[in-house]
Amino acid sequence: MNQVRVPKQRAILDRRALAEAIAGLVEERGADARNAVVDTLRDALGKGREELRRRLEAKPHAGHECVAGHAFLIDQMVRLIHDHVVEHVYPVGNRSEGERLAILAVGGYGRAEMAPHSDVDIAFLTPTRRAPWCEQVIEAMLYLLWDLGLKVGHSSRTPDDMVRMAKEDVTIRTALLEGRYVWGDQPLYDEARRRFWTEVVNGTERQFVAEKLAERNARHKRMGDSRYVVEPNVKDGKGGLRDLQTLYWLGKYIHKVRSAAELVDVGLLTAQEYRSFRRAEGFMLAVRCHLHMITGRAEDRLTFDLQRQVAMRMNFVDRPGKSQVERFMQFYFLQAKRVGSLTGVFLAHIDEQFAQRHARRGLLAGFKARPRSLKGYRVFGGRIGTPHDDWFRKDPVRLIEIFRIAEAEGFEIEPATMRQADRDSRLITAEVRDDPRANGLFLELLSGRNDPETALRWMNEAGVFGRFVPDFGKVNAQMQFDMYHHYTVDEHTIRAIGLLSRIEKGELAEDHPRSTRLIHKLASRRAAYVAVLLHDIAKGRGGDHSVLGEGVARELCPRFGLSENETDLVAWLVRQHLLMSATAFKRDLTDPKTIEDFVAEVQSVERLQHLLILTAVDIRAVGPGTWNSWKRQLLGELYDAAHERLRLGHMRHGRKERVTAKKQAVAELLETGAELVGRHAADFGDPYWIAEPEDIIALNLRQFDAARRDQRELSVHCEVYPSRGATLVSVIAADHPGLFYRIAGGIHLAGANIIDARIHTTRAGWAVDNFLVQDPHGQPFHETAQLDRIETAIGDALANRIELVPRLARRPLPHSRAKAFDVRPRVIVDNKASNRFTVVEVNARDRPALLNRLARALFDNQLVVHSAHITAYGERAADTFYVTDLLGEKVEAAERITAIETALLDAASDRRQAELEAT
């Protein structure tokens, strides 16, 4: 956008020396010189790129210099090739008026901003359409460029064509907007340039702005619609280079600026904002250049596996509590955030300028709508602003007040006022942070009943949020280096607050029925909002963020104006905000000890209600697809069981009563219920009737009865289970050692992921196993062919018709970039979590063969699996097994536990995976 002077140009490429070398080759070899010329140019191109690589390694943040250097290198190549073709390949002694050719660089090349593997976008201008000499020269130039391995985007047009096509297509218009003369006939270029501005641009400014903004919004939606996506696209993502370029395009189109620096002269940016613009642009250009050099291709996505390498190349280092890559990504997101702030101010100013240009004329010219005053603020056209420039300086508490009013009244904030807030945010001192009025306003904003999410995001963009709550400022743009979290900590938190507000307004009743009902029963709604704000406040500090966050909550809650009881509640919620999800997803909810332990920690219905709501918004705010009906069902079951225990002091019914009630409910579901239940009730022990819900028992009884009647050794039934968001796979077979791991292997080979498993054995020795499975996208299997494939794979696995281990190991990882993370396997053996079973929890890198290998390791250690609960957190899997020994007893001997841990760690290790893949 600004022409950068490239230092020591001849060290990159000496055009004069190279031209002489080419001329010498032509003189020596004549018509046979082409291959030698290509080799000479290719060698020069390689050396030039190597020089630019060395320069970037020496100055890893010099993005502007690197892209300008690559544009210079291509300029020189194009000029050399043009001169060689017109002088040696198609020489013409006395060219006619039609035998003229101008070469334009367009797009990123036209801006002189080329990453190492960017496309070379060239426009050839000719005076007339049919000019044989021009066509020959263009063709010869393109073949030479292609022979050099360059990816060339090209067009050949006359000035008339250029004007017509630019009027019709905004993409062509944008490319020509950045057109830059490279070589050839300068008068021809000047004529085309003049006609572009007078015939294409003039009078179409408003249309161009509308089209570019629509294009930008579509691009953002395609890329995730957040500048805080943890694998951002540096070029096209929100807050990336394309957003900066859009600002320049709009300024250039409307005000005819020739460089980004001139945006200051026309009033669209302040000098300080322009410096931020250049700083963000330079950093992102450097990141993009490193990506291209690392991958050897035009790679613009900052994926997890590349983030470490770029962070290292750009000299970021570890700090206590934050790794090298987390510090690098935090800096990246701060730049993206700055781009977002600049974009908002810039576009609002353009709106104002257009409004001034189209002011009333004629009879109504003298009438002008006047802004009204609200608490001293100017309100006009749905926007709120300050009455004068020193408004915040006179009372810094107003920096909080304006966002509170905007939220309550549904106003936008004027761009000039956002600028003021950004500039004056440093006025928020310890005195302002301790001001009761300021804290009262902040608490009203946080728990606002209109749209607190949007107002808090504006507050964060202006830098006011982090100044007023410094602990929140510490997690601003804080990335979580894993594949589970989709957003930075601050963005995740603000989204969670927005979800809480939507639940309170009843907008998410279908997905969150319990939370929607319970939120209106809370004794303190503001405690709920503060708990959401603070639940991740201590991330990135080098310890357990839940424990550290509790301390932060005890400091901040009294400052915000919460009572002692509210402070205790919020501190407990922050400390235990992961308790409910860990219990629901990693423990057997039919085991009474699970509920006992959970209730012992929760202790009150009020805490339980708050915890359910906090857990729901926390999971959903992680990113798209993380909340589903399966998680809703598990959390609901845990809530209902815990609520009953807390309300009554015990479970409503004893074991015998519960089994009897379950049998009666199942009989009512079945058409021939009494007969089926009576025939098979004695086959199944009490644990089966307690563990399984009525509808699954009904399905099992039908299947079991048919299998026994037909004397089938194996019966597999698959059907969609909508209430759980999964597919139910029920397997009935003669029980034998290793049955579970073989079934699990067959299911995985069919492309399914097991999310829950319950394993039962009848008194006659028949296994009745129920699995809930989903596809790799977390959705149930619907199609008949998919269900048939699962049934066939289980049958093949149990009949030993396939070799499970090598085939499973060769299946691709569910996350292709999971190896970018250091996931060390961990095994926990717990004999206190259940009265009947030993609970074994394995945390390891997720992979298709994992469950099969873990189940095989448990089998080899002579353990019986009674239930399994499988949870995935991005690249990490957390698999929990309820097991006993062959006699049905817990495993308590220390040496036996050590042997089990060793076997499971080996089964989950990367070394074992590599061995299996090699077989």
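**Cysteines, helix contacts and aromatic rings in a predicted model**

Student: Is Cys 718 buried or exposed?

Tutor: Cys 718 is buried, as its relative accessible area is 9%. Buried means under 20% relative accessible area, exposed over 50% and partly exposed in between, with a 1.4 Å probe and protein chains only. The model is predicted, so local features need pLDDT of at least 70 and side-chain atom pairs count only at pLDDT 80 or more, while totals for chains, interfaces and linings use all residues. Residues are numbered from 1 along each chain as its sequence is written, and side-chain values use heavy atoms, with hydrogens and water left out.

Student: And Cys 134, buried or exposed?

Tutor: Cys 134 is buried, with a relative accessibility of 1%.

Student: How many disulfides are there?

Tutor: The count is zero disulfides, where a disulfide is a pair of cysteine sulfur atoms within 2.5 Å.

Student: Stepping back, how many helices and strands does the chain have?

Tutor: The protein chain has 42 helices and 16 strands. These are DSSP runs numbered from the N terminus: helices are H or I with at least four residues, and strands are E with at least two. The C-alpha atoms fill a box of roughly 105 × 75 × 50 Å along the principal axes. Of the 919 residues in the protein chain, 58% are buried.

Student: What share of the contacts joins residues at least 24 apart?

Tutor: The share is 72%, taken among contacts between residues at least 6 apart in sequence. Contact means heavy atoms within 4.5 Å.

Student: Now helix packing. How do α8 and α11 cross?

Tutor: Helix α8 (residues 170-177) and helix α11 (residues 241-255) have axes that come within 11 Å and cross at roughly 85°. Axes are lines fitted to C-alpha atoms, for helices over the stretch in contact, and angles run from 0 to 180 degrees between N-to-C directions. The two helices, α8 and α11, are therefore roughly perpendicular to each other. Angles under 35 degrees count as roughly parallel, over 145 as roughly antiparallel, 65 to 115 as roughly perpendicular and the rest as oblique.

Student: Which residues meet there?

Tutor: Arg 173, Thr 174 and Leu 177 of α8 meet Trp 249, Lys 252 and Tyr 253 of α11. By class, this contact of α8 with α11 has three nonpolar, one polar and two charged residues. Ala, Val, Leu, Ile, Met, Phe, Trp, Tyr, Cys and Pro count as nonpolar, Asp, Glu, Lys and Arg as charged, and the others, Gly among them, as polar.

Student: What about α20 and α21, at what angle do they pack?

Tutor: Helix α20 (residues 436-446) and helix α21 (residues 452-461) pack at about 130°, with their axes 9 Å apart. The helices α20 and α21 are therefore oblique to each other. From α20, Phe 442, Leu 445 and Leu 446 meet Pro 452, Ala 455, Leu 456 and Met 459 of α21. By class, the contact of α20 with α21 has seven nonpolar, no polar and no charged residues.

Student: Changing topic, how many aromatic pairs are there?

Tutor: The whole structure has 22 aromatic pairs. Rings of Phe, Tyr and Trp (its six-membered ring) pair if their centres lie within 6.5 Å; planes under 30 degrees apart count as stacked, over 60 as edge-to-face and the rest as tilted. Tyr 181 and Tyr 189 form a tilted pair, at 5.5 Å centre to centre and 50° between the planes. Tyr 181 is partly exposed at 22% relative accessible area, whereas Tyr 189 is buried at 10%.

Student: Which residues form the aromatic cluster with Phe 283?

Tutor: Phe 283, Phe 316, Phe 328, Phe 331, Tyr 332 and Phe 333 form one aromatic cluster.

Student: Where does Val 840 lie, and what does Val 840 touch?

Tutor: Val 840 lies in strand β14 (residues 838-845) and is buried, with a relative accessible area of 1%. Leaving out residues up to four places away in sequence, the residues that Val 840 touches include Val 827, Val 829, Phe 881 and Leu 904. The C-alpha atoms of Val 840 and Val 827 are separated by 7.2 Å, and these residues are 13 apart along the chain.

Student: Last one: what is phi of Lys 375?

Tutor: Phi of Lys 375 is near 55°, a positive value in a residue other than glycine. Lys 375 is in the loop between β5 (372-374) and β6 (377-380) and is exposed, with a relative accessible area of 62%.
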